[in-house]
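Biologist: Hi! Could we look at this one together?

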Amino acid sequence: MKRKLNWLSMLAFSFMLVGCAENSDEKENTASIEVKGEAVKEHENQQEHEHDHEHQHESDEEQKEIYNGYFEDEQVQDRPLSDWAGDWQSVYPYLQDGTLDEVFEHKASQDGSESFEEFKNYYEIGYKTTTDRIVIEDNFVTFYDHGHAHKGEYKYHGFEILTYEKGNRGVRFIFKHVGDEKGVPAYIQFSDHIIAPQKSGHYHIYWGDDREALLKEVTNWPTYYPSHMNGHEIAHEMIAH
C-alpha cells in the first residue's frame, strides 16, 4: 500500500514538472512574441515618423514655392472674407519712423542687385496709404482714414491670377461692395501669397471703383499686419519670410 502511494506521488510530481516546463515554455514563447511585436511596432512607428517628416518637408517646400509665386492654376481655390477677418494695421508708419530699416538692410545684404536706399524707396511707394487701420468682421469691412471710419458690406467676386515681369505669379481675391453705404470703394482685392482657404497672417490690398484697373496696379500695395503686433515684431516677421 505504501509503495503504491509512493508511486502515485512520484507520478503526480512528474506531471507537475511537465506542466511547469510547459508553462515556462509558453511564457518564454509569449515573451518572445511580445518582444518581436514591440520591435515591429517600433519599426512601424519609425517608418511612420519618417514618412510624416518627409511629407511635411514636401509640404513646406510646396508652400514656399507658392509663397514665391510658383503654382498651378488648379491649385487656386475660392476663399471667404473670413480668411482676412480681424483688426489690421498699416505698416506704412513703421517705414516712415525707421522701424523697418532693418528689413531693407537685410534685403540689401541678401540681394546685391539693389541697395538699402533702393529697397526702402521701392517699399515707400508700395506701402504708402492714409488708411492706417482696417477691421473685417462677417461681411463688413471698415476703413479707418485718419480716424474717420467708413464701413461697407462686401460679397465675394471671384479671383484673378496675375503674371508678373519676373515670371512668378500672384492671385487677387476680389470682393464687391453690395450695400448702399457711402465713402467705401466698389471693389477690394486681397493678395497675401496664399492661394486656397487659409487664415491670412498679413496681406496687401488694392481698392477702387474699377475692377479691371485695379488688376493693373502693381506699384502701390498697402500692407497690413494684425493690430496687436508692434513694429519690431512685424519687422522680424518680414525678415523671416
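Biologist: Leaving aside its neighbours within four places in sequence, which residues is His177 in contact with?
Modeller: Those are Gly152, Glu153, Tyr154, Val184, Pro185 and Ala186, where contact means heavy atoms within 4.5 Å. A note first: this is a predicted model, where local features need pLDDT of at least 70, side-chain atom pairs count only at pLDDT 80 or more, and totals for chains, interfaces and linings use all residues. Residues are numbered from 1 along each chain as its sequence is written, and side-chain values use heavy atoms, leaving out hydrogens and water.

Biologist: Thanks! Is His177 buried or exposed?
Modeller: His177 counts as buried because its relative accessibility is 16%; buried means under 20% relative accessible area, with a 1.4 Å probe and protein chains only.

Biologist: And which side chain does His177 join in a polar contact?
Modeller: The side chain of Glu181, at 2.5 Å. A polar contact is a pair of N or O atoms within 3.5 Å, one able to donate a hydrogen and the other to accept it; residues adjacent in sequence count only if both atoms are side-chain atoms. The His177 side chain also reaches the backbone oxygen of Gly179 at 3.4 Å.

Biologist: New topic: how do the residues lining the largest pocket divide?
Modeller: There are 22 nonpolar, 14 polar and nine charged residues in that lining. Here nonpolar covers Ala, Val, Leu, Ile, Met, Phe, Trp, Tyr, Cys and Pro, charged covers Asp, Glu, Lys and Arg, and the others, Gly among them, are polar. A pocket is an open set of points on a 1 Å grid where a 1.4 Å probe fits, with protein on both sides within 12 Å along at least five of seven lines, and lining residues have an atom within 4 Å of a point.

Terms used:
Buried < 20%, exposed > 50% of the residue type's maximum accessible area, 1.4 Å probe, protein only.
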